[in-house]
Amino acid sequence: RTLQLEFHELCLPYLFFFAKIVLLSITEQTKCKISYFCSKKRKVMIVEICANSVQSAINAEKGGADRIELCQNLNEGGTTPSYAAIKYCVEKLSLKTMVLVRPRPGDFCYNEAEYEAIKEDVLMCKNLGAHGVVVGFLDKNLDVDTKRTSEIVKLARPMEVTFHRAF
């Protein structure tokens with residue numbers, strides 16, 4: 001079951017408020033972040049919950065979310081969740097599972113060893129059947145690292161790739 005709301009553009013702020021109240025009542029026991037993605041083409045609002053545990057993901061599904069961004073350590077900006085958490089969410093839940101792939105908190109300038117670990121985590125998510133991954137890369141000048149981002153997009157195919165808040 002997904003929460004898809006048809007809307008008139010003038011009603012958008014009211015729908016955001018309504019959707020937030022509904023989902024917060026379901027997920028109030030767990031930390032979560034609610035994101036809204038709107039497509040003007042289809043005029044459908046997609047509701048994503050940033051779930052920091054399997055229970056938070058279960059609550060998001062019960063609340064009617066369309067998808068989750070699965071992570072852990074949300075209070076530190078989020079890091080890659082465990083293999084078992086990813087596997088559970090992909091296999092047992094009906095909503096889309098986007099997995100945050102981030103080996104540590106802090107900046108998004110990764111050394112070669114961290115980047116190799118990120119690539120392995122992307123492949124793990126792909127093999128488990130995740131719908132997509134969420135990544136972010138900056139270079140030493142704190143600009144978006146387009147080379148690494150492109151490499152991950154190619155490696156992740158056919159999964160979706162979302163660029164994380166690296167900048």
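Select Tyr110 and Phe137 to start: both are buried. The model is a predicted one, so treat each stop as a feature of that prediction.

**Stop 1: the opening pair.** Keep the two rings in view. The ring centres of Tyr110 and Phe137 are 6.0 Å apart and the planes meet at 80°, so this pair is edge-to-face. Now colour by sequence position. Tyr110 belongs to the loop between β4 (96-100) and α4 (112-128), and Phe137 to the loop between β5 (132-135) and α5 (146-156), so the contact ties together parts 27 residues apart in sequence.

Stop 2: Which geometry does Tyr115 make with Phe137? The pair is edge-to-face, with 5.7 Å from centre to centre and 80° between the planes. Tyr115 sits in helix α4 while Phe137 is in the loop between β5 and α5, so this pair ties together parts 22 residues apart in sequence. Tyr115 is buried, as is Phe137.

**Stop 3: the cluster.** Show Tyr110, Tyr115 and Phe137 together: they form one aromatic cluster. Searching the whole structure gives 2 aromatic pairs.

**Stop 4: a charge over a ring.** Select Arg148. Its charged end sits over the ring of Tyr115, 4.2 Å from the ring centre.

**Stop 5: zoom out.** Switch to cartoon. The protein chain has 5 helices and 6 strands. Along the sequence they run α-β-β-α-β-α-β-α-β-α-β. Of its 167 residues, 44% count as buried. Take the contacts between residues at least 6 apart in sequence: 60% of them join residues at least 24 apart. Finish with the surface. The accessible area of the protein chain is about 9,200 Å², and 55% of that belongs to carbon and sulfur atoms.

Methods: Residues numbered from 1 in each chain as written. Predicted model: local features only at pLDDT ≥ 70, side-chain atom pairs only at ≥ 80, totals over all residues. Heavy atoms only, no water. Phe/Tyr/Trp six-rings, centres within 6.5 Å; stacked < 30°, edge-to-face > 60°. Helix = DSSP H or I, 4+ residues; strand = E, 2+ residues; numbered from the N terminus. Buried < 20%, exposed > 50% of the residue type's maximum accessible area, 1.4 Å probe, protein only. Lys NZ or Arg CZ within 6 Å of the ring centre and 35° of its normal. Contact = heavy atoms within 4.5 Å. Areas by Shrake-Rupley, 256 points an atom, 1.4 Å probe, with all protein chains shown as cover.
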